[in-house]
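Here's a quick tour of a fold, from the sheet down to single side chains. Have your viewer open and follow along.

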Amino acid sequence: MTERSVIHDTFVIERTYPASASRVFAAFASREAKDAWGETGDMAEAEPATGPVAFDFRVGGHERFGNVYQGVRYTYDAIYYDIVPDQRLVYSYEMYADGVRFSVSVATIEFVETDDGTTLTWTEQGAYLDGFDGQDAPRLRQGGTSEMLDGLAKYLA
């Protein structure tokens with residue numbers, strides 16, 4: 001019998017990029033742009049995306065991809081709920097390891113133009129399921145998101 005558990009966590013990451021809100025937002029709005037900055041850190045060593053890939057950037061649209069990292073097949077499946085160009089994105093996503101769901105999250109990304117460029121605020125609320133990565137799961141997710149946003153900084157530079 002599988003032991004059931006859930007860890008709830010919320011984190012907020014704020015970054016300022018020396019680019020307009022429309023340019024920062026555009027980095028999220030196309031598969032080509034996201035491919036250019038979205039796979040940094042440990043996952044950069046993963047095998048290329050496998051299985052069904054989708055990128056339908058509209059309210060109700062899905063984003064899906066998978067890859068294999070250290071022998072484990074990871075799958076990401078998201079749905080967009082709110083898109084306000086140059087201002088806000090809200091979506092939820094599920095993560096799977098070898099076909100087993102291990103987390104469900106809601107992410108809100110806000111873009112605010114400032115004198116220095118654009119401040120991006122990423123707020124994520126996650127439910128980490130059945131002990132996958134144990135108590136480290138929230139810290140690992142926040143670290144991975146932070147690495148992605150480092151990749152976004154390089155892309156925008």
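Predicted model: local features only at pLDDT ≥ 70, side-chain atom pairs only at ≥ 80, totals over all residues.

Numbering starts from 1 along each chain as its sequence is written, and side-chain values use heavy atoms, with hydrogens and water left out.

**The sheet.** Helices (H or I, at least four residues) and strands (E, at least two) are DSSP runs, numbered from the N terminus. Here 7 strands make an open, antiparallel sheet in the order S1-S7-S6-S5-S4-S3-S2; two strands count as paired if DSSP finds at least two bridges between them. Strand S1 (6-17) and strand S2 (54-55) sit at the edges with a single partner strand each, so one side of each has no neighbour in the sheet. Further in, strand S6 (residues 100-114) runs antiparallel to strand S7 (residues 117-129), and 12 bridges join them. In that pairing, serine 103 stands opposite tyrosine 128 in S7.

**The helices.** Helix H1 (residues 21-29) lies across S1, S2, strand S4 (72-84), S5, S6 and S7, at about 160° to S6. Helix H3 (residues 137-156) packs on the sheet too, touching S1, S5, S6 and S7, and its direction makes about 20° with that of S1. Those angles run from 0 to 180 degrees between N-to-C directions, with axes fitted to C-alpha atoms (for helices, over the stretch in contact). Contact here means heavy atoms within 4.5 Å.

Which residues of H1 are buried? They are Ala21, Val24, Phe25, Ala27 and Phe28, where buried means under 20% relative accessible area, exposed over 50%, and partly exposed in between (1.4 Å probe, protein chains only). Seen down the axis of H1, the buried residues fall within an arc of 145°, so they line one face of the helix; the arc is taken over directions from the helix axis to the C-beta atoms.

**Salt bridges.** Take a side-chain nitrogen of Lys or Arg within 4 Å of a carboxyl oxygen of Asp or Glu as a salt bridge, and the count comes to 10. Among them are these:

| Pair | N to O distance |
|---|---|
| Arginine 15 and aspartate 150 | 2.8 Å |
| Glutamate 94 and arginine 101 | 2.8 Å |
| Arginine 141 and glutamate 124 | 3.5 Å |

Arginine 15 is in strand S1 and aspartate 150 in helix H3, so this pair ties together parts 135 residues apart in sequence. Aspartate 150 is partly exposed, at 36% relative accessible area. Arginine 141 in helix H3 and glutamate 124 in strand S7 are 17 residues apart, and both are buried. Arginine 101 is partly exposed, at 38%.

**Glutamate 94.** This residue is in strand S5 (residues 88-97). Besides its salt bridge to arginine 101, the glutamate 94 side chain makes a polar contact of 3.2 Å with that of tyrosine 96. A polar contact is a pair of N or O atoms within 3.5 Å; within protein, one must be able to donate a hydrogen and the other to accept it, and residues adjacent in sequence count only if both atoms are side-chain atoms. The C-alpha atoms of glutamate 94 and valine 104 are 4.5 Å apart, though 10 residues separate them along the chain.

**Threonine 118.** Over in strand S7, threonine 118 counts as buried at 0% relative accessibility. A polar atom of its side chain lies 3.4 Å from the backbone oxygen of serine 20. Leaving aside neighbours within four places in sequence, the contacts of threonine 118 include Arg15, Ala21, Val24 and Phe111.
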